[in-house]
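Please read the points alongside the coordinates.

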Amino acid sequence: MGVEFLTGKIDLRSDTVTKPTEEMRKAMYEAEVGDDVYGEDPTVLRLEELAAELLGKEAALFVTSGTQGNQAGIATHASTGEEVIVEAQAHVFYYEAAAISVFAGAQVRQIPTDNGIMTPDQIRRAIRSKDVHQPRTALIAVENTHNRAGGTVWPLEDLAAVGELARRSGIPLHMDGARVFNAAAALGVPVRDVVEHVDTVSICLSKGLCAPVGSVLVGPRDFIERARQWRKRMGGGMRQAGVIAAPGIIALTKMVDRLAEDHHNARYLAEQLASMNGITVALDKVQTNIVIADIGNSGIEVPEFVRELAAEGVLASSFGETLVRFVTHHDVSRADIEKAVDAVQRVLHGARVH
Ligand SMILES: Cc1ncc(COP(=O)(O)O)c(C=O)c1O
């Protein structure tokens, strides 16, 4: 299937499909650059300072992707023979090609939850005791918002409680904050409040914030210096990276405030889908820009549903045996969402119009 297949489609597969804005493209063209492996790219340095400042942490490192941000972070915290506590469907475990085993060399302790949010009690019980039989718990990693749970948001008091437990136990706390700005928008607080109790965070510039490439790993200065070597080891030492850092600066300064619009669109879409025969949506989990629809009662299999919907001009992701995921973002308007709702209705009724 060629890319021409995408022409004219309403693309709700992911917020990663967002294109850089005109302003971003102009900033890329004009970016002042230098060799970032030598620490000489002024635009990268500016992006890193801005990210650290926004998140209320000491330092930051521009990385190629969310996966690299998470994995350079995890490998800096944990190593061979140790254990990392994660939620059972956490992106760092579920979708990063077993990178924790490859880079950190640690094993993963999975905590199952219904909504992506681990309780302090679940984590406390998973922390290993000092015993020759047991690995050392080297890290606790949370995901905010939680992708596979449907973009759910960690309540601030839960993060505070987990942060307190981690500190008391002498275990660092990492946040996969690929969509942490969505969490902040949903909570109506500055992002630094969301990350207050975690030691390190990886944020993505290339999802709802529309930058074409890149993520930023944020944390204490000495940690970031050690993570810099992991980035190099992973092949993420980039040279005149200012051309891709420049749109990242716009992502952080201009694109955050509009995320609430995506959340309103997701809520509207979720309510419309939930009202259709054959589709169920857990509306309480629709907290940000992700909608997971269970089409189990529609009589249509997921691959067929996704195919038929694409034929109607709307792209969504297959997300499990009976689940389809829709993600709202900058490049889809309310009018597009209304068209998407009509398209789903036509697929359900088997009445395609061309
Ligand atoms: C929660 C979460 N973390 C990390 C990532 C990884 O980001 P990337 O695709 O840039 O590696 C994603 C990507 O969708 C994600 O949803």
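The model is predicted: local features need pLDDT of at least 70 and side-chain atom pairs count only at pLDDT 80 or more, whereas totals for chains, interfaces and linings use all residues. Residues are numbered from 1 along each chain as its sequence is written, and side-chain values use heavy atoms, with hydrogens and water left out.

1. Domains. The chain is divided into domain 1 (3–17 + 258–348) and domain 2 (22–254), with bounds that come from an automatic or database domain assignment. Taken over C-alpha atoms, the centres of domain 1 and domain 2 are 28 Å apart. Contact (heavy atoms within 4.5 Å) joins 15 residues of domain 1 with 21 residues of domain 2.

2. Nonpolar cores. A nonpolar core is a set of buried Ala, Val, Leu, Ile, Met, Phe, Trp, Tyr and Cys residues joined through side-chain atoms within 4.5 Å; buried means under 20% relative accessible area, with a 1.4 Å probe and protein chains only. The largest such core has 56 residues, and Phe62, Met175, Phe181, Ile203 and Val216 have the most contacts inside it. Helix H11 (residues 242–254) gives the most to this core, with seven residues; helices are DSSP runs (H or I, at least four residues) and strands likewise (E, at least two), numbered from the N terminus. A second, separate core of 30 residues includes Leu269, Val281, Ala293 and Ile295.

3. Largest pocket. A pocket is an open set of points on a 1 Å grid over the protein atoms alone, with protein on both sides within 12 Å along at least five of seven lines; lining residues have an atom within 4 Å of a point. The largest pocket holds about 340 Å³ of space, a volume being the space filled by probe spheres set on the points, which are joined across faces, edges and corners. Of its 20 lining residues, Arg148, Ala149, Lys285, Ile292 and Leu323 are the closest to its centre. Strand S10 supplies the largest share of the lining, four residues. Because domain 1 and domain 2 both give residues to the lining, the largest pocket lies between them.

4. Cavity. A cavity is a set of grid points where a 1.4 Å probe fits but cannot get out. The whole structure has one cavity of 30 Å³ or more, and the largest cavity contains about 40 Å³ of space. Its lining consists of Ala178, Arg179, Phe181, Asn182, Cys204, Lys207, Gly208 and Leu209.

How values were computed:
Buried < 20%, exposed > 50% of the residue type's maximum accessible area, 1.4 Å probe, protein only.
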